[in-house]
Amino acid sequence: MSNAMYNKMWHQTQEALGALLDKEPQKMIEPQRNQVFIFQTLATFYIKYVQIFRNLENVYDQFVHPQKRILIRKVLDGVMGRILELKNEMVELELTEFHYFDDILQDLKLAPQQLDIPIPKYFLKEKLEVIKGREKILAQILADGGIDTSDMKYPVKSIPFDEAVKLIQIAERARQGRLRALFMKQIYLQEYRAKQSKMLGKKVTDTWAAALRIQKVWRRFHQCKETEKLREEEMIFLGMNPPPLFNEVSATVIQAEKVDRLRNEVQIKHEEDYREALVTIKNDLKLIEGLDIKENLQDQIRHWFIECRNLTGTFPEYPDIEEGGSAIIFSNKTIQQVIEDVIANQEEEEKNEKKKKKKKEKQPKNAKKQKKGTKEKNKEEDEKWKMSPSLFLPAMKEGCNAYKEIWMKKDESWNFSQDYDPELIKEEKRKEVESEIRIQVDELMRQELENLKLAVDRERERPMKAGKKKDKKGKKGKKKEKKAKKDKDLTADRTIESLYKELVEEGLLIPALKVNLSDYIGSAAVHEKAPLVKSLLLAGPSGVGKKMLVHAICTETGANLFNLSSSNIAGKYPGKSGLQMMLHAVFKVARQLQPSVVWIEDTEKTFYKKVPNSEKMNEPKRLKKHLPQILKLLKPDDRILIVGTTRRPFDAELQSFCKVYQKIILVPRPDYASRYVLWKQIIERNGGVLTSALNVSCLAKVTDGFTQGHIVEVVKGVLTDQRIRRQIHKPLTAVEFITAITSMNPVYKEEEESFKNWYAKTPLGKKRALAITRGSTEKAKDKGKRKEKKEKKAKKKK
């Protein structure tokens, strides 16, 4: 796509966003009672924002104009925040993490794929060098410590020399035995043919008969091939089979990828040019316009002194540096407007004094009435639902206004290469230069004002408020000292690099596997769960991909992975002081090198109801008291996520478990559609070829109850190197995989029900159960009332 096409996409997206921002406030004001209507409005806004987000993310990634990208990024962040707000509204309304948008997607004429939220590419792009550097350091530390696992796919065990010799001898004898058996088979076949020829007694001499037999066989074979080809063509025509070369990457896609790479290079160059221009243009403005700006400011402030003196009889108080100096008075205002403000302030002060006197007399009578009125209003408001105010709408509106003012009708015919606009930089930097010069002017004009007061009014110089300021600073300093005593830095004398190295050597900071969310095949609802809360729990049977999701979060966001599982921290940093030091070091490094993910595998062990005797030595409940305290210390700015994974959540103490994990997501076993996709993709990724001989639909149906982990294990077991080579002569069949999976235990209904029952006891599960019971009782009451009315009517008729 060309720059013009991306520009067009941006303009269309901005128009759609502007229309949406105009509609939203109307819906926020209107209170509603119908829950179905409320959900439909929320879901419609959610889907529309997702479409805007997809387009903006694409535009931001491919635009090369640096100033446009700054504006798009601002709007993009606002849209992302609004999507999360709407998601939270839907969760609170429906009391479930999973939502269904089928009807709304049909109304909007959108495909289900368009509802997927893409992970912004700038997450990794903007700190790619940092991530690569961190990976190198991590690999070096592991290599130095003798725990480098990057090149070791399988663990290698050392065995004694005698045993190694025996193994080689056994393998060699087996090889020779196979060759001998093959040789003896050939001799046996020769002897068998000789016997057969003796029994017949004569050789076949009729060549025509032999040729006819060969022709029959060939024609049969040729006709079979032709019919097979016709069937394939028919299936392709009907849309039942994909056309040939369907999965191969086309030349246009390869060309598009090249263009994207070139565009990224241009983007980086334009960014560098823009940063250089910010400095050079600012310096030029200081040299050319600096003196004029200084003189204008001085004249403006002097005029203010004289006019205030004429109006009020005294010179004004000059604002302090902390308050903002003269910028507070003259912010986007002319001298006449400033004088009008002075007169207006005097009039308001006089009016306020009169109003205060009147209010004191009438206050007790009106107070009671107001309280009653407010209570009644609150009751009415509680009954109806209102959309909660958004924190991101103002940022989006600012972005839309900036787009309309600057870019909507801007002529860019001169800027074909989409480089920075110098005039916009001048406008921006002129304000910065003015604010810098204003500080110097304020110092001069303060002194000038004091001189005027001494000369004209003959007043003594008023004592400066330095003493008070010093006292305030002193008090602030004392407060800070008190805070510092509370939040002690246990490793103040150590660098982040040394702590990082220590955590890697102790096995608490581990390298994340390179897994993308696109590699996570399964239920599409999991892709929606953007874990942007302090703590997240992934619960589900073994093999559904909980651990894989944790690694995918780290891969997609470039996050560090800290492993605080009970099995991993057992025996490390012993005692209370050791545990305190470990947690301090982990979260200090996590903050400094954020984003970070703190992973606790088998997290139910931390909240055991009763610790089994076999695990008492490992002290699995070490973190139980500390985790809630850590959550309180995490601020909104800290991009740290605590992720727990569990396959036995019912073993944990529910109250303390749910207090720590704010968001709980059940990862279910795959359904038929997911299993069908899983079998196809996992077989292909492991070197398998899908043919008509392999009934994938049958495999998906038979393996009901088996998880992603089971399917991966079976496929890897069946598709050995030897079996992959033999596929040309012997295609894969479903029986091979079914026989391999029979030895495994599926997720039975009882286990799945136990997860559902446990989830029903969680805070969100309880709320949903209550809402369902309330709804059913209300319906029953309505039915009862209707019956009573019918009975009364029948009696009256009689």
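Among contacts in the chain between residues at least 6 apart in sequence, 83% join residues at least 24 apart. Keep in mind that this is a predicted model. The chain has 798 residues, and 33% of them count as buried. Its secondary structure comes to 27 helices and 6 strands.

Two packed helices are described by the angle between their axes and the distance between the axes. Take helix 2, residues 35-62, and helix 9, residues 251-312. Their axes are 9 Å apart and pack at an angle of about 65°. The range from 65 to 115 degrees counts as roughly perpendicular, and helix 2 and helix 9 are therefore described as roughly perpendicular to each other. Which residues make the contact? On helix 2 they are Tyr60, Asp61 and Gln62, and on helix 9 they are Asp260, Arg263, Asn264 and Gln267. Sorted by class, the contact of helix 2 with helix 9 has 1 nonpolar, 3 polar and 3 charged residues.

The second contact is between helix 18, residues 575-592, and helix 19, residues 626-633. Here the axes come within 12 Å and cross at roughly 30°. Angles under 35 degrees count as roughly parallel, so helix 18 and helix 19 are roughly parallel to each other. The crossing of helix 18 past helix 19 is right-handed. Helix 18 contributes Leu579, Leu583, Phe587 and Arg591 to the contact, and helix 19 contributes His626, Ile630 and Leu633. By class, that gives 5 nonpolar, 1 polar and 1 charged residues for the contact of helix 18 with helix 19.

Now the aromatic side chains. How many aromatic pairs does a search of the whole structure find? The search finds 13. One of them is Phe650 with Phe755, an edge-to-face pair with 5.4 Å centre to centre and 65° between the planes. Phe650 sits in the loop between strand 5 (640-646) and helix 20 (654-660), while Phe755 belongs to helix 26 (residues 749-760), so the pair ties together parts that are 105 residues apart in sequence. As for accessibility, Phe650 is partly exposed, with a relative accessible area of 23%. Phe755 counts as buried, at 4% relative accessibility.

Another pair is Phe657 with Tyr661, also edge-to-face, with 5.6 Å centre to centre and 80° between the planes. Phe657 and Tyr661 belong to one aromatic cluster with Phe607 and Trp758.

Last, the backbone. Leu95 is not a glycine, yet has a positive phi of about 55°. Where is Leu95 found? Leu95 is in the loop between helix 3 (66-94) and helix 4 (102-107). The relative accessible area of Leu95 is 14%, and the cut-off for buried is under 20%, so Leu95 is buried.

Lys109 is another residue other than glycine with a positive phi, in this case near 60°. Lys109 lies in the loop between helix 4 and helix 5 (122-125). With a relative accessible area of 76%, Lys109 is exposed.

Technical notes: Residues numbered from 1 in each chain as written. Predicted model: local features only at pLDDT ≥ 70, side-chain atom pairs only at ≥ 80, totals over all residues. Heavy atoms only, no water. Axes fitted to C-alpha atoms, helices over the stretch in contact; angles between N-to-C directions. Helix = DSSP H or I, 4+ residues; strand = E, 2+ residues; numbered from the N terminus. Parallel < 35°, antiparallel > 145°, perpendicular 65-115°, else oblique. Left-handed = near helix turned anticlockwise from the far one by under 90°. Contact = heavy atoms within 4.5 Å. Nonpolar A, V, L, I, M, F, W, Y, C, P; charged D, E, K, R; others polar. Phe/Tyr/Trp six-rings, centres within 6.5 Å; stacked < 30°, edge-to-face > 60°. Buried < 20%, exposed > 50% of the residue type's maximum accessible area, 1.4 Å probe, protein only.
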